[in-house]
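The following dialogue takes a new reader through several features of one model. Please keep the sequence and the structure in view while reading.

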Amino acid sequence: MSETRAASARKKARTASPTPPAAAYELFYWPGIPGRGEPIRLALEEAGAPYEDAAYTRGVGAVTALLGGAGGAHFAPPVLRCGAVELSQLPNILFFLAPRLGLAPADEQGAARARQLFLTVAECVRFPSCQNEAHDTHHPVSVGAYYEDQKPAARARARDFRTARLPKFFAHFERALGANKEGGGEWLVGPRLTYADLMLFHLVDGLLFAFPRATRALAPAHPRVFALHERVKARPRIAAYLASDRRQPFSNGLYRHYEELDAPVEGEEAVEEEDEDEDEEEEEEEGKEEEKEGGKEE
């Protein structure tokens, strides 16, 4: 946890109003970024459910206290506590939470469809998931290394994500919306909003921050996806949340904006390709030098 996040948490802890005793849910996630805690906040806010965002009311120590330890209950946040029930992992939390909040289809087929679409957006297995692939554009080699240490690989991964993977995901969600006749093409499953729609909203929102040019370029071919984003953003409780200080801005979390990873400005494509060719040539030269040095040592 960075000093900046910790300072943000301390400030919030000092200024946040006391959590009402009626808070039904306690959310434990890192302060200062939306991250994997954000889809949970969106569900709670949309439902009007009282909850405590513990990092801001008690400080970041409330989050770290739940990780590791002898019990080994939680590998990483988010963690949700509801009475005696405590669980982690974003999909696990929302599969538990959504039916309680009225944000999941009641029928078996609809519930399975919502889970399927949610996981395609978010995560479960490492691949394929649009959110995880977006993250891997800036950390393609190692999540433990700095972005600056893996820039050439990041540029190659980002270009593939922008040109091949992102259009494929958006086309899938566009078809899913069109196929949902019960929802009139407005929602992913059934006649009303579900947690899968909230997750798709969060994905589009994050991509508009991370890859603004590449993402906006997809709008004409995927009108239903972008209409859903606007529709969710305009819902009264979501709009109030987005305008509040409870909403953390995108910054250095899952969705990160690096100008050089976004789609090139028109006319700059050739420059980008030349830069990548130079990077590859430099790597080849370094490899040859290493081979020579290795031969001398032998």
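**Reading the sheet and its helices**

Leu 80 stands opposite Leu 87 in β4.

Q: What kind of model is this, and how are its residues numbered?

A: This is a predicted model, in which local features need pLDDT of at least 70 and side-chain atom pairs count only at pLDDT 80 or more, while totals for chains, interfaces and linings use all residues. Residues are numbered from 1 along each chain as its sequence is written, and side-chain values use heavy atoms, with hydrogens and water left out.

Q: In what order do the strands of the sheet stand?

A: Helices (H or I, at least four residues) and strands (E, at least two) are DSSP runs, numbered from the N terminus. Two strands pair if DSSP finds at least two bridges between them. Here 4 strands make an open sheet with mixed pairing, in the order β2-β1-β3-β4. Because β2 (51-53) and β4 (85-88) are at the edges and have a single partner strand each, one side of each lacks a neighbour in the sheet. On average, neighbouring strands of this sheet are turned by 15° against each other, direction ignored.

Q: How many bridges join β3 to β4?

A: Strand β3 (residues 79-82) is joined to β4 by 4 bridges, and the two run antiparallel. Arg 81 stands opposite Glu 86 in β4. The hairpin of β3 and β4 has 2 residues between the strands, and Gly 83 takes a positive phi near 65° there.

Q: Which strands does helix α5 lie across?

A: Axes are lines fitted to C-alpha atoms, for helices over the stretch in contact (heavy atoms within 4.5 Å). Angles run from 0 to 180 degrees between N-to-C directions. Helix α5 (residues 90-101) lies across β1, β3 and β4, at about 135° to β4. Helix α2 (residues 38-47) lies across β1 (25-28), β2 and β3, and runs at about 150° to β2.

Q: Which residues of α5 are buried?

A: Buried means under 20% relative accessible area, exposed over 50%, and partly exposed in between (1.4 Å probe, protein chains only). In α5 the buried residues are Leu 90, Pro 91, Ile 93, Leu 94, Phe 96, Leu 97, Ala 98 and Leu 101. Just after α5, Gly 102 has a positive phi of about 75°.

Q: How do the axes of α9 and α11 cross?

A: Two packed helices are described by the angle between their axes and the distance between the axes. The axes of α9 (residues 195-210) and α11 (residues 223-233) come within 9 Å and cross at roughly 105°. The two helices are therefore roughly perpendicular, a term for angles of 65 to 115 degrees; under 35 counts as roughly parallel, over 145 as roughly antiparallel, and the rest as oblique. Among the residues that meet are Phe 201 and Leu 208 in α9, and Phe 226 and Val 232 in α11. The residues of this contact divide into 9 nonpolar, 1 polar and 3 charged. Ala, Val, Leu, Ile, Met, Phe, Trp, Tyr, Cys and Pro count as nonpolar, Asp, Glu, Lys and Arg as charged, and the others, Gly among them, as polar.

Q: How many residues of α9 are buried?

A: Helix α9 is mostly covered, with 14 of its 16 residues buried.

Q: Where does Asn 180 lie?

A: Asn 180 lies in the loop between α8 (151-179) and α9. Asn 180 is buried, with a relative accessible area of 9%.
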